[in-house]
Amino acid sequence: MSWSPVIAQDVAVGDHVRLPNGEELSVTRVDPDHLGLTTYLKLVEDTDERWMCFVMPKDRELELRTG
Amino acid sequence: MTLLNQPVQLLDGTSSSLGDLLSGGVALVVNVASKCGLTPQYSALQSLHEEYDDLTVLGFPCNQFGGQEPGTEDEIVAFCSASYGTTFPMAAKALVNGRHADPLWESLTATPDAEGKAGEVLWNFEKFLIDRTGQVVARFRPLTDPAGPEVRAAVEKALAS
């Protein structure tokens, strides 16, 4: 398992990402804005395991799990 | 469909029902969090709770939005009391969205907002107004000020019914 940098706005459904705070998320949905704030997006994990979301600036650097 | 019979587990570990908590009045149900930019809404929620005799604000801590309610029950109680002097009842931590959402929240989120949009809670501090019969009569999105004219008008209309 390895990680590579990715910008939040480039994250796609199906990606597994790690946020700067160490939280990991299996992305099942990307909402293009947050409460009308268009410089933010919302990454959502909606699985049998949990429903969780994180909101961040679109230019936030995350880590994408690869391999 | 009335929600009065819905069980509510409180933060102190005791069990109640929405009907018992309302005691014939109306409720403003809110998913809350301690580490959110909207957390200061606790002040307005407490003001509402104090201002209207037959209104019960009912907070449901939830950690599903950015992990902004990570604390234990004791930590949540201590934070709310110390920071905002809250006296309204607080439920146990809840799941408001997803496949394992609490039944009460499944019912609440079926209610559309003023723009006709139902479905998921969008973020911390969404508010649902429940009337004396246990019907959801209004839904307000997170950015709506709890003490603003929109919520007040809906509360006063529900109380007058």
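**Figure 1. Helix α3 of chain B, residues 73-84, in a predicted model.** This helix has twelve residues. From its first C-alpha to its last, α3(B) reaches 16 Å. That is close to the 16 Å expected at 1.5 Å a residue. An α-helix has 3.6 residues a turn, so residues three or four places apart point the same way. Just after α3(B) comes B:Gly85. Its phi is positive, about 60°.

**Figure 2. The open sheet of three strands in chain A.** The strand order is β4-β5-β6, and the pairing is antiparallel. Strands β4 (29-31) and β6 (51-57) stand at the edges. Each has a single partner strand, so one side of each is left without a neighbour in the sheet. From one strand to the next, the twist averages 20°.

**Figure 3. Pairing of β5 and β6 in chain A.** Strand β5 covers residues 40-46. β5(A) runs antiparallel to β6(A), and seven bridges join the pair. One residue to look for is A:Leu43, whose bridge partner in β6(A) is A:Phe54.

**Figure 4. The open sheet of four strands in chain A.** Here the order is β1-β7-β2-β3, again with antiparallel pairing. The edge strands are β1 (2-7) and β3 (24-26). Each of these has a single partner strand, so one side of each lacks a neighbour in the sheet. The twist averages 35° from one strand to the next.

**Figure 5. Pairing of β1 and β7 in chain A.** Strand β7 spans residues 61-66. β1(A) and β7(A) pair in the antiparallel sense over six bridges. A:Ile7 stands opposite A:Glu61 of β7(A).

**Figure 6. B:Ser23, a residue other than glycine with a positive phi.** Most residues other than glycine have a negative phi. The phi of B:Ser23 is near 50°. B:Ser23 sits in the loop between α1 (18-22) and β3 (26-32) of chain B. Its relative accessibility is 63%, so B:Ser23 counts as exposed; the cut-off for exposed is over 50%.

**Figure 7. B:Phe125, a residue with positive phi that is not a glycine.** The phi of B:Phe125 is about 70°. B:Phe125 lies in the loop between α4 (103-108) and β5 (127-130) of chain B.

Notes
Residues numbered from 1 in each chain as written. Chains lettered and ligands numbered in written order. Predicted model: local features only at pLDDT ≥ 70, side-chain atom pairs only at ≥ 80, totals over all residues. Heavy atoms only, no water. Helix = DSSP H or I, 4+ residues; strand = E, 2+ residues; numbered from the N terminus. Expected span 1.5 Å × (residues − 1). Pairing = 2+ DSSP bridges. Axes fitted to C-alpha atoms, helices over the stretch in contact; angles between N-to-C directions. Buried < 20%, exposed > 50% of the residue type's maximum accessible area, 1.4 Å probe, protein only.
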